[in-house]
Amino acid sequence: MTERLYHADSYLRDFKAAIVEQADNGRRAYLDRTAFYPTSGGQPHDTGRLNGIEVTDVVDEGERIAHLLAQPVTGSEAVGQVDWPRRFDHMQQHTGQHLLSAVVSDLYGYATVGVHFGEESSTIDLDGPTLTPDQVGKAEERSNQIVVENRPVEVSFEDAGAVTGLRRPSERTGTLRVVTIRNLDRSACGGTHVRATGEVGPVLMGKVERVRKGTRVEFLCGARSIRRARAEHALLTRLAGDFSASPEELPGLINSLRGEIKEASAARRDLESKLDAYRARELYLGAPPDATGIRRVVLLEEQGSLEGLRGVAQAFTSMPRVIFVGAAARPPGLVLATSPDSGVDAAAVLKGLLTSVGGRGGGSARLAQGTVASRQQLEQVMASISG
């Protein structure tokens with residue numbers, strides 16, 4: 001069994017221990033006691049050094065903890081050094097999560113049903129509908145107020161059968177490790193935490209999104225929130241400079257540009273439609289009818305796209321008794337379109353030809369398109385259709 005020193009003291013950075021077992025040629029070490037926190041409860045593992053060797057992972061194996069090392073460790077005694085900046089960052093995020101979950105529960109009655117601690121930001125999953133921007137603002141403000149109050153964060157060990165006041169009931173038996181934020185929250189938790197809320201640092205709430213039947217809320221604490229705020233401020237300042245405006249003027253400028261882009265896009269689509277109609281008419285007049293009265297056009301666009309050919313195809317097949325075959329060389333693909341009076345089912349014909357060469361595609365009786373693997377296969381399909 002490994003004695004978990006971090007349960008009693010999250011601030012312990014250096015420790016001595018006995019190496020009781022090794023595996024993987026000395027790269028997996030088991031100690032009688034450790035301050036290294038293993039990945040557990042959503043909180044990432046600690047890193048650091050063991051006898052000067054880098055600890056790359058810490059794995060919870062139930063009764064004992066495995067330390068994965070970059071190189072084999074030797075000897076029977078170990079000196080461990082926890083990477084303190086990483087550990088303290090995790091302490092800030094985990095305590096901040098308890099704080100934020102309690103605040104959201106108090107304000108809106110939403111329970112936290114899932115937690116994820118990431119490298120850049122963390123998230124909590126709530127069992128309620130999406131939070132509004134106003135609700136997010138109030139929760140963030142309340143959380144930071146509690147940070148400023150510097151409330152004590154205390155760890156106690158209590159009997160599971162007698163423990164009371166937990167924000168979320170625990171199904172464990174025996175002795176529970178309870179983390180308490182004074183006058184706010186009591187949670188059964190084995191993670192590492194700061195001594196007082198002031199050490200959590202600024203709490204910043206980020207993206208809010210629907211997840212299944214609940215809501216996922218991104219949050220950052222301490223130095224992470226400062227880095228995010230600084231990065232967003234720098235981005236806002238740069239954008240404002242690009243527009244020769246103040247940050248406060250950006251929303252109005254963006255709305256104005258959005259309207260201009262919408263109008264320009266509509267004008268472009270109208271011009272493309274007119275160009276497609278003009279080109280289709282030119283193709284129609286240049287394609288003499290065959291013995292059955294069908295006018296057939298076959299185009300190969302070396303630089304064009306299937307999307308561009310679709311517009312011409314639709315315009316062309318609005319005219320009587322026509323078949324349009326359009327192909328794009330890169331990547332190889334083609335469009336087959338037919339007028340209602342041509343007697344040709346575009347999807348059925350194209351599907352059969354594509355299947356014969358291993359291509360894929362589909363569509364309707366009037367318009368179908370597909371792709372093939374090579375230029376040779378493309379030309380083979382075009383020849384079959386146009387023949």
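The lining of the largest pocket divides into eleven nonpolar, 14 polar and seven charged residues, where Ala, Val, Leu, Ile, Met, Phe, Trp, Tyr, Cys and Pro count as nonpolar, Asp, Glu, Lys and Arg as charged, and the others, Gly among them, as polar. The model is predicted, so that local features need pLDDT of at least 70 and side-chain atom pairs count only at pLDDT 80 or more, while totals for chains, interfaces and linings use all residues. Residues are numbered from 1 along each chain as its sequence is written, and side-chain values use heavy atoms, with hydrogens and water left out.

A pocket is, on a 1 Å grid over the protein atoms alone, an open set of points where a 1.4 Å probe fits, with protein on both sides within 12 Å along at least five of seven lines, and its lining residues have an atom within 4 Å of a point. Of the 32 residues that line the largest pocket, Gly-41, Arg-172, Ala-188, Cys-189 and Gly-190 lie nearest its centre. Two or more lining residues come from each of α1 (5-8), α2 (84-108), β9 (112-117), β12 (175-181) and β13 (185-188), these elements being DSSP runs numbered from the N terminus, with helices (H or I) of at least four residues and strands (E) of at least two. The strand β9 gives the most to this lining, with five residues.

The second largest pocket is lined by Glu-272, Leu-275, Asp-276, Glu-307, Gly-308, Arg-310, Gly-311 and Gln-314. Its lining comprises one nonpolar, three polar and four charged residues, and the largest share, five residues, comes from α6.
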